[in-house]
Amino acid sequence: MKTNVLIYGATGSQASPVVYALLNKGYEAFAVTHTPQKSEPLKEAGATIVIADMANRERIFEISQGMDAVSLLIPFFIANPLDGLEYAKNAIDGAKLAGVKLIVWNTSGFILPFRTGNPAIDVRLDIADYLRSSGVPYIIIQPSAYAENLLGPWNAPFVAQKNQAAYPTPEEMPIGWIATQDVASLIVAAIERPELAGSEFMVSGLENLNGPALAQRFSEALERPIDFYAMPPSEFGQILDNVFGPGAGKGAAGFYQQLHDTQQFPPMFVEMKPVLEKLPVRITPLKEWIVQHKTAFQNS
């Protein structure tokens, strides 16, 4: 009998690799989306497309029936980040009512031990509390920062056109960049190990790179000199507004400005050996990841 897995955010960049990884391993993947026009590639790959809005509690309860496991993801860029808590409650309560055996939650970032003032980040604390007290078996995967963020318009055009690796962090701040596909592999490994229920894993790439070290990896991978550009948070916020709509960048810009002002950096890296002993997957070195995406960093 195949295992049924419900995947939230399935057409997005974070969760779609989870769908493909599950299908490759023979799971029945039920891909949840409220944008069916984006779901055709998943359908062609063998996923069952489930149209649902996470705000619709009754619909979420309905689609949870018959599921063995849930891959939970809450969208980061939403008009009201506090809605994310309601989305999570609906998914968790639906799983509980349906007798789901395991929820694996991708937090889309570390759960910081303090509130930052950015609701999109702070809501993770509230979701974590709700999940831990829900009674549903769970595993939490907390990724540091996605390497795919480096494909965004705040970096890729700068690399291609100005030979600058750009990010709104101070150049001294180190980050353990991790590929989306590697996080997906960790999520599937967690689904395959329900005996780890109650575990929480902070995960990252294999290297803790500050700004100049990040630029060095780009230089090595692209075989040309790349410098680091500590992008002003206000510039980053404006780019987010242009991409996601007015106001989208306000919280993120404020968070990064606080880093510049205080020079107090949250942890963005973990030693992966203990994690990989329990969730044995291969982690892609950042230089290798950059080579894989080389065309995105070339000036056409």
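I began with the second largest cavity: its lining has 8 nonpolar, 3 polar and no charged residues. Here Ala, Val, Leu, Ile, Met, Phe, Trp, Tyr, Cys and Pro count as nonpolar, Asp, Glu, Lys and Arg as charged, and the others, Gly among them, as polar.

A note on the source: this is a predicted model, where local features need pLDDT of at least 70, side-chain atom pairs count only at pLDDT 80 or more, and totals for chains, interfaces and linings use all residues. Residues are numbered from 1 along each chain as its sequence is written, and side-chain values use heavy atoms, leaving out hydrogens and water.

I listed some residues lining that second cavity, including Tyr167, Trp177, Asn210 and Phe228. Its volume is about 40 Å³.

Next I asked how many cavities of 30 Å³ or more the structure holds. I found 2. A cavity is a set of points on a 1 Å grid over the protein atoms alone where a 1.4 Å probe fits but cannot get out, and lining residues have an atom within 4 Å of a point. Points are joined across faces, edges and corners, and a volume is the space filled by probe spheres set on them.

I then turned to the largest cavity, with about 130 Å³ of space. Of its 14 lining residues, Ile74, Pro75, Phe76, Ala120 and Val123 are the closest to its centre. By class I noted 9 nonpolar, 4 polar and 1 charged.

Last, I checked Phe77, which counts as partly exposed because its relative accessibility is 39%, between the limits of 20% (buried is under) and 50% (exposed is over), with a 1.4 Å probe and protein chains only.

Notes
On a 1 Å grid over the protein atoms alone, a cavity is a set of points where a 1.4 Å probe fits but cannot get out, and a pocket is an open set with protein on both sides within 12 Å along at least five of seven lines; lining residues have an atom within 4 Å of a point.
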